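Have a look at the fold first, then read on.

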Amino acid sequence: MNMRADSALSHLYNRERCIAVLQDGSKREVWWSRDEWTFFYPDTDPPTPCRFEQIKEWRPASIDPH
(Lines give C-alpha, C1' and ligand atoms only; values in the text may rest on other atoms or scores of the structure.)
Protein backbone atom coordinates (compact mmCIF):
# COMPACT_ATOMS: atom_id res chain seq x y z
CA MET A 1 0.00 0.00 0.00
CA ASN A 2 1.30 3.43 -0.91
CA MET A 3 1.31 5.50 2.29
CA ARG A 4 1.58 8.71 0.28
CA ALA A 5 -1.78 8.13 -1.42
CA ASP A 6 -3.71 8.69 1.82
CA SER A 7 -1.84 11.83 2.86
CA ALA A 8 -3.18 15.38 2.49
CA LEU A 9 0.13 16.09 0.78
CA SER A 10 -0.88 13.78 -2.07
CA HIS A 11 -3.51 16.37 -3.08
CA LEU A 12 -0.92 19.09 -3.69
CA TYR A 13 0.27 19.82 -7.21
CA ASN A 14 3.94 19.58 -8.04
CA ARG A 15 5.61 22.94 -7.24
CA GLU A 16 2.42 24.22 -5.56
CA ARG A 17 3.12 27.23 -3.37
CA CYS A 18 2.29 26.77 0.30
CA ILE A 19 2.65 28.67 3.56
CA ALA A 20 4.45 26.85 6.34
CA VAL A 21 4.30 27.87 9.98
CA LEU A 22 7.62 26.76 11.42
CA GLN A 23 8.24 25.49 14.94
CA ASP A 24 9.56 28.93 15.95
CA GLY A 25 6.24 30.51 14.89
CA SER A 26 7.57 32.22 11.76
CA LYS A 27 5.73 31.86 8.44
CA ARG A 28 7.61 30.99 5.28
CA GLU A 29 6.61 30.46 1.70
CA VAL A 30 7.57 26.99 0.50
CA TRP A 31 6.79 24.92 -2.57
CA TRP A 32 5.89 21.26 -2.73
CA SER A 33 7.82 18.67 -4.72
CA ARG A 34 5.84 15.53 -5.49
CA ASP A 35 8.98 13.81 -6.80
CA GLU A 36 11.03 14.53 -3.68
CA TRP A 37 7.96 14.35 -1.37
CA THR A 38 9.11 17.38 0.57
CA PHE A 39 8.74 21.16 0.79
CA PHE A 40 11.46 23.49 -0.49
CA TYR A 41 12.27 27.11 0.26
CA PRO A 42 11.75 29.09 -2.99
CA ASP A 43 14.37 31.74 -2.28
CA THR A 44 17.45 29.52 -2.16
CA ASP A 45 19.75 28.44 -4.97
CA PRO A 46 20.02 25.51 -5.14
CA PRO A 47 16.59 24.77 -3.61
CA THR A 48 16.89 23.89 0.07
CA PRO A 49 14.50 21.36 1.59
CA CYS A 50 12.35 22.42 4.52
CA ARG A 51 12.44 19.40 6.83
CA PHE A 52 9.09 18.14 8.14
CA GLU A 53 10.43 18.44 11.71
CA GLN A 54 10.66 22.21 11.17
CA ILE A 55 7.01 22.56 10.12
CA LYS A 56 4.31 23.03 12.73
CA GLU A 57 1.53 23.37 10.14
CA TRP A 58 1.13 24.16 6.46
CA ARG A 59 -1.56 25.19 3.98
CA PRO A 60 -1.73 25.86 0.25
CA ALA A 61 -0.97 29.53 -0.42
CA SER A 62 -4.26 29.80 -2.34
CA ILE A 63 -6.28 29.25 0.86
CA ASP A 64 -6.93 32.45 2.81
CA PRO A 65 -6.97 31.62 6.54
CA HIS A 66 -9.35 34.50 7.37
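Among contacts (heavy atoms within 4.5 Å) between residues at least 6 apart in sequence, 35% join residues at least 24 apart. This is a predicted model, where local features need pLDDT of at least 70, side-chain atom pairs count only at pLDDT 80 or more, and totals for chains, interfaces and linings use all residues. Residues are numbered from 1 along each chain as its sequence is written, and side-chain values use heavy atoms, with hydrogens and water left out.

The chain has 0 helices and 5 strands; both are DSSP runs numbered from the N terminus, helices being H or I with at least four residues and strands E with at least two.

Now for leucine 12, which sits in the segment before β1 (17–22). Leucine 12 has a relative accessible area of 4%, so it's buried (buried is under 20%, exposed over 50%, partly exposed in between, using a 1.4 Å probe and protein chains only). Its contacts include Trp32, Phe39 and Trp58, leaving out residues up to four places away in sequence.

What about charges? Side chains of opposite charge can pair when their charged atoms come close. The structure holds 3 salt bridges, each a side-chain nitrogen of Lys or Arg within 4 Å of a carboxyl oxygen of Asp or Glu:

| Pair | N to O distance |
|---|---|
| Arginine 17 and glutamate 29 | 2.9 Å |
| Aspartate 43 and arginine 28 | 3.2 Å |
| Arginine 51 and glutamate 53 | 3.2 Å |

Aspartate 43 counts as exposed at 57% relative accessibility, while arginine 28 is partly exposed at 29%.
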